[in-house]
Amino acid sequence: MIFTPTRKAGLDRLQAFLPQAGRHYANSRNYDDGVPEDGPRRNVSQLSPWLHAGLISETQVINSVLSAHSPDASEKFIAEVSWRIYFKGYLEQRPTIWSAYCEQRDAAFARLRSNSNLADSYDTAINGKTGIAAFDLWARELVETAYLHNHARMWFASIWIFTLKLDWTLGADFFLRHLIDADAASNTLSWRWIGGLHTKGKTYLARADNIAKYTANRSNGPLRAEGLAEEADALVETVEHNRATPNLPAPLQLADLRHAYALIVHDEAASHAPLDLPHPPALVIAAARPEARSPRPIGSHARSFASEAVRKGASIAAHAFDCEERAWTSEDDLAAILSAAGLKRIVLPYLPTGWTRDALKPELEPLFLNGHAIEVLNELSRATWPLARAGFFGFKKKASRILSELGIMGI
């Protein structure tokens with residue numbers, strides 16, 4: 001499937017998927033049928049690239065699905081969208097999980113540099129040469145297509161951790177470097193869930209028979225996975241990631257925009273449309289930072305989608321608001337860009353915990369400190385993120401009530 005980095009392409013994909021979002025999705029979603037030759041996969045939405053880039057929103061997706069299917073028929077799909085929201089909220093309340101991941105990843109890469117046997121094992125895994133047929137195919141598929149079916153991601157992570165005995169952060173980094181829909185929260189917490197760190201002691205063990213069952217529809221038949229680990233002892237960590245109530249921005253008010261401002265679009269919010277700004281900006285600034293995902297090179301598909309989504313998003317916004325646009329790269333000085341435009345204030349979509357925040361926040365910090373920066377967060381995230389205090393299923397029950405209160409019940 002070709003992922004075009006525009007809001008229109010995301011909306012088109014949503015409309016095309018809607019007929020399958022009910023019972024069909026519930027019955028077929030777990031099957032990894034391989035990469036089709038003539039378009040998108042038919043049993044999953046593949047909306048995640050546009051969701052991560054903020055080109056479409058969870059609110060829009062849920063409303064559209066509920067307009068086409070009953071809550072009961074669409075429950076499985078809406079649950080998948082809810083997992084995405086839950087992971088965002090969970091990481092927002094425990095940002096040390098992300099910083100600890102980055103530190104452990106960097107230490108793991110350092111060990112590769114000093115241990116040739118470990119480095120060889122890592123290279124064998126990422127190049128798809130382990131001899132485990134299913135794993136090797138997925139490793140190549142990830143690099144070549146920048147996408148993996150969700151079930152394949154789970155099997156891959158389990159084999160990486162429990163069979164190959166590689167550091168989980170290196171696997172999570174491999175995903176972040178290549179997945180076109182890579183997300184700091186979903187990716188990090190999913191790998192931790194597989195390894196028994198998210199729900200402490202609960203692990204996910206890939207089994208050859210399960211892989212064969214759910215890959216049976218592939219054109220060349222089910223995938224083989226010989227020699228897999230038969231046990232999955234949970235990973236452990238010494239640090240405790242305590243929960244803290246996130247400091248989320250209040251709803252945007254018209255008075256907040258009474259002075260001229262620049263709008264910044266970034267990797268996780270490349271479109272102005274979901275922001276529904278009550279007053280237009282005087283300048284649109286494109287701030288793409290896909291290279292901040294990892295200290296190692298980013299896959300060409302993932303890098304191109306993120307960069308182009310932000311670039312095109314800024315251009316579309318500038319045209320819509322009849323204003324200038326500028327690019328703010330990691331080599332540019334934001335203060336100089338604002339000064340040249342005669343502006344002191346910025347508005348930007350909320351920066352969640354992750355690499356985009358790490359890359360942009362240091363230079364934005366002075367503007368926040370002097371009250372010249374405003375972050376915008378959608379109502380659904382503001383209402384649901386604080387509910388992600390413990391496990392998913394408790395969150396899901398509470399989030400269902402929030403959807404009703406916010407009127408997200410179909411258009």
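## Cavities and pockets of a predicted model

The largest cavity holds about 50 Å³ of space, where a cavity is, on a 1 Å grid over the protein atoms alone, a set of points where a 1.4 Å probe fits but cannot get out, and a volume is the space filled by probe spheres set on the points, which are joined across faces, edges and corners. The model is predicted, so that local features need pLDDT of at least 70 and side-chain atom pairs count only at pLDDT 80 or more, while totals for chains, interfaces and linings use all residues. Residues are numbered from 1 along each chain as its sequence is written, and side-chain values use heavy atoms, with hydrogens and water left out.

Lining residues have an atom within 4 Å of a point, and those of the largest cavity are His52, Ala53, Ile180, Asp267, Arg293, Phe305, Ala306 and Trp355. The second largest cavity, with about 30 Å³ of space, is lined by Glu58, Ile85, Asn378, Leu380, Ser381 and Thr384, and helix H16 gives the most to this lining, with three residues. Helices (H or I, at least four residues) and strands (E, at least two) are DSSP runs, numbered from the N terminus.

A pocket, by contrast, is an open set with protein on both sides within 12 Å along at least five of seven lines.

| Pocket | Volume | Lining residues | Nearest the centre |
|---|---|---|---|
| Largest pocket | about 1500 Å³ | 49 residues | Glu80, Trp83, Phe87, Asn150, Ser190 |
| Second largest pocket | about 890 Å³ | 38 residues | Ser57, Pro274, Leu275, Leu377, Asn378 |

The largest share of the lining of the largest pocket, 11 residues, comes from H5, and helices H3 (48-52), H5 (75-93), H9 (150-163), H11 (184-195) and H17 (392-405) each supply at least two residues of that lining. For the second largest pocket, H3, H4 (58-68), H5 and H16 (379-384) each supply at least two lining residues.

With Ala, Val, Leu, Ile, Met, Phe, Trp, Tyr, Cys and Pro counted as nonpolar, Asp, Glu, Lys and Arg as charged, and the others, Gly among them, as polar, the lining of the largest pocket divides into 26 nonpolar, 13 polar and 10 charged residues, and that of the second largest pocket into 20 nonpolar, nine polar and nine charged.

The protein chain as a whole has 17 helices and five strands, and its C-alpha atoms fill a box of roughly 65 × 55 × 40 Å, taken along the principal axes.
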